[in-house]
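My entries follow in the order in which I made them.

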Amino acid sequence: MPAQSGREKAYAFLKETVLTDPDMQGRFLTEQEIADRIGISRTPIREALLLLAAEDLVQLVPKRGAHIAPLSGREITELMELRGIVERHAAERTIEAGTVPVEKLTELLERQRELMGPEQAKEFIAVDHLFHATMIAAVGNELLNRHYDGLRSRQIRAGVVALYTQTGRQEEVLGEHRAILDAVAAGDPEAARAAISAHLGSTLKVLLAG
């Protein structure tokens with residue numbers, strides 16, 4: 001496997017570590033600050049920031065740096081709407097095809113259960129995304145997989161904020177995931193659609209209230 005380029009390293013660090021940190025929301029980052037943190041030159045960092053700006057994940061402000069704007073109410077609402085369309089479709093297709101990955105989903109739910117507490121919030125949400133992405137992958141549509149993976153950074157940012165916003169949200173998420181798993185395992189598309197809608201609706205409510 002080829003080594004990561006400086007741009008790839010900076011892009012991955014910013015997207016997976018910085019953008020998902022609740023304490024970084026609303027802050028400005030300079031190229032030098034990032035260079036000091038990960039030990040590479042400023043040129044690949046500038047390239048990585050341009051990529052993130054093209055994805056609307058940061059805003060580049062002259063003489064200020066890269067602004068990590070908190071997700072707006074509209075962005076959150078649109079994210080949940082798009083997730084609902086994709087995730088309900090995936091549940092229906094995998095039930096219809098008999099490809100529901102019950103064992104893997106069960107394993108991920110148990111892994112989430114072991115990640116309780118605010119100090120493990122980001123890892124909890126990373127596994128949360130993997131739970132849903134596993135269902136998407138089971139459809140067998142590579143374009144759909146890539147499309148859904150493109151939502152990952154926003155999903156993790158929103159999910160971590162939701163956990164910090166409402167005490168007890170982790171327990172609720174586990175219950176909502178269990179309802180989704182039970183429905184798809186039973187081969188009940190109507191129950192699966194309802195469980196996914198309830199899960200995303202609860203998350204949206206927490207985020208908009210926060």
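**Second largest cavity**

I began with the second largest cavity, and I noted as its lining Glu-87, Ala-90, Ala-91, Phe-131, His-132, Met-135, Ile-136, Ile-180 and Ile-196. The elements that each give two or more residues to this lining are H4 and H6, and H6 gives the most, with 4 residues. I count helices (H or I, at least four residues) and strands (E, at least two) as DSSP runs, numbered from the N terminus. By class, the lining of the second largest cavity has 7 nonpolar, 1 polar and 1 charged residues, where Ala, Val, Leu, Ile, Met, Phe, Trp, Tyr, Cys and Pro count as nonpolar, Asp, Glu, Lys and Arg as charged, and the others, Gly among them, as polar. The volume of the second largest cavity is about 50 Å³.

I must keep in mind that this is a predicted model, in which local features need pLDDT of at least 70 and side-chain atom pairs count only at pLDDT 80 or more, while totals for chains, interfaces and linings use all residues. Residues are numbered from 1 along each chain as its sequence is written, and side-chain values use heavy atoms, with hydrogens and water left out.

**Largest cavity**

Rolling a probe the size of a water molecule over the atoms shows where empty space is left. On a 1 Å grid over the protein atoms alone, a cavity is a set of points where a 1.4 Å probe fits but cannot get out, a pocket is an open set with protein on both sides within 12 Å along at least five of seven lines, and lining residues have an atom within 4 Å of a point. Grid points are joined across faces, edges and corners, and a volume is the space filled by probe spheres set on the points.

I found 2 cavities of 30 Å³ or more in the structure, and the largest cavity holds about 130 Å³ of space. Of the 14 residues that line the largest cavity, Arg-83, Ile-125, Asp-128, Gly-159 and Thr-203 are the closest to its centre. Helices H4 (73-97), H6 (121-137), H8, H9 and H10 (189-209) each supply at least two residues of this lining, and H8 gives the most, with 5 residues. I sorted the lining of the largest cavity into 6 nonpolar, 5 polar and 3 charged residues.

**Largest pocket**

The largest pocket has a volume of about 160 Å³, and among the residues that line it I noted Gly-117, Pro-118, Ala-121, Tyr-164, Arg-169 and Glu-171. Helix H8 (152-165) and helix H9 (169-185) each supply at least two residues of the pocket lining, with the largest share, 3 residues, coming from H9. By class, the lining of the largest pocket has 4 nonpolar, 5 polar and 2 charged residues.

**Packing around H6**

Which way does H6 run relative to H7? H6 and helix H7 (residues 142-149) pack at an angle of about 160 degrees, with their axes 9 Å apart, which makes H6 roughly antiparallel to H7 (angles over 145 degrees; under 35 would be roughly parallel, 65 to 115 roughly perpendicular and the rest oblique). Axes here are lines fitted to C-alpha atoms, for helices over the stretch in contact, and angles run from 0 to 180 degrees between N-to-C directions. H6 and H8 pack at about 130 degrees, with their axes 9 Å apart, and that makes H6 oblique to H8.

**Annotated domain**

I took from UniProt (an unreviewed entry) the feature "domain: HTH gntR-type" at residues 4-71. Over residues 4-71 the chain is 50% helix and 12% strand, and the end C-alpha atoms are 29 Å apart.

How values were computed:
UniProt positions renumbered as here; feature names shortened; annotations may be inferred.
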